[in-house]
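Subject: Structure handover

Dear colleague,

Here is the structure I said I would pass on. Please look through the sequence and the coordinates first; my notes follow below.

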Amino acid sequence: MSRISPGRAAALGAVAVALLVSGCGQQDGSSGGGQGDGPGAGVPSQPVAADSLDPDAPRYGAELAERPAQPSRDCTGKTGTLLEPGPVDSAMGLRAMTLWLTHCGTGTYRLDGYPTLQVLDEDGTAFDVHSLRGARAVTTGVEDPGPHLVTLRHGESATAGVVWRNTYANTAEDPVNGARLQVLPVPGRPARTVAPDGGIDLGSTGRIGTTAWRKAPAAESGAGRPTGPAPSTPAS
């Protein structure tokens, strides 16, 4: 699977969303964005110009073992939004994970549709991978609520399921073994990255799917303990 060169990245332009910063999403009565085109619709994963790598963000490698097994959803000392990956569940080559976005700012935070994902290597170079709106092209075992408006108040969270397979059938190409996942919950802002435990092993599939954002039940916000969107039918 080929990587996107810096020259091509500059030509394609920057797509962005701010995470961990107060402007990342639509707040205080503004309209939502990022609505998808329906389950299974593909979005070519274009290079995303991150503002900078957060020095406090999780790093891929040995430090991953020191990260909590579950997202904290803890807004203490934070403003804007907090984006965290849940644990990665594996079954018969299928991978499933939950992204948690917690609103730590004031007013309301709105999401509508699917996040756009980009897989990066350890050096931050983007792989040529398609971000799919919907999970059915990858598995039928993960429920997708479909695009709808999600409104968060301070301390509330939204989740999106992320699924991929590590199938490696095209031996003419190197397998994709990503280290980080760059996420745009809403278009138009700088992006931030998360480092899923174990990385993102897409093999030669060239695609990663996501469900639409949904609001986490009150019992799961804050100190709750969610699990990743484990597929009910691993072979699907």
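A residue is called buried here when its relative accessible area is under 20%, exposed when it is over 50%, and partly exposed in between. By that cut-off, strand E12 (residues 180-184) is mostly covered, with 5 of its 5 residues buried. Please keep in mind that this is a predicted model.

Strand E12

The side chains of E12 point two ways: Arg180, Gln182 and Leu184 to one side, Leu181 and Val183 to the other, and all are buried. E12 pairs with strand E7 (residues 116-120) in the antiparallel sense, over 5 bridges. In that pairing, Val119 stands opposite Leu181. E12 also runs antiparallel to strand E13 (residues 192-194), and 3 bridges join the two. Leu181 has a bridge partner in E13 as well, namely Val194.

The chain as a whole

The protein chain has 1 helix and 16 strands. Of its 236 residues, 50% are buried. Taking contacts with a separation of 6 or more, 83% are between residues 24 or more positions apart. The accessible surface comes to about 10,300 Å², and carbon and sulfur atoms account for 49% of that surface.

Salt bridges

How many salt bridges does a search of the whole structure find? The search finds 2. As background, side chains of opposite charge can pair when their charged atoms come close.

One of the salt bridges joins the side chains of Arg95 and Asp201, at 2.9 Å from N to O. This pair links distant parts of the chain: Arg95 is in strand E5 (residues 94-103) and Asp201 is in strand E14 (residues 200-203), 106 residues apart. Are these two side chains buried or exposed? Arg95 has a relative accessible area of 13%, so it counts as buried. Asp201 is also buried, at 18% relative accessibility.

Another salt bridge is formed by Lys215 with Glu156, and here the closest N and O atoms are 3.1 Å apart. Lys215 lies in strand E16 (residues 214-215), while Glu156 lies in the loop between strand E9 (149-152) and strand E10 (157-165), so the pair ties together parts that are 59 residues apart in sequence. Lys215 is partly exposed, its relative accessible area being 38%. Glu156 is partly exposed too, with a value of 23%.

Backbone points to check

Two residues deserve a look when you go through the loops. Arg73 is not a glycine, yet it has a positive phi of about 50°. Arg73 is located in the loop between strand E2 (41-44) and strand E3 (81-85). With a relative accessible area of 3%, Arg73 is buried.

Met92 also has a positive phi of about 50°, and Met92 is not a glycine either. Its place is the loop between strand E4 (89-91) and E5. Met92 is exposed, at 67% relative accessibility, whereas Arg73 is buried.

To recap, E12 is mostly covered and pairs antiparallel with E7, with 3 bridges to E13 besides.

Regards

Definitions and conventions
Residues are numbered from 1 along each chain as its sequence is written. This is a predicted model: local features need pLDDT of at least 70, side-chain atom pairs count only at pLDDT 80 or more; totals for chains, interfaces and linings use all residues. Side-chain values use heavy atoms; hydrogens and water are left out. A salt bridge is a side-chain nitrogen of Lys or Arg within 4 Å of a carboxyl oxygen of Asp or Glu. Helices (H or I, at least four residues) and strands (E, at least two) are DSSP runs, numbered from the N terminus. Buried means under 20% relative accessible area, exposed over 50%, partly exposed in between (1.4 Å probe, protein chains only). Contact means heavy atoms within 4.5 Å. Accessible areas come from the Shrake-Rupley method with a 1.4 Å probe; for residues, only the protein chains shown count as cover. Two strands pair if DSSP finds at least two bridges between them.
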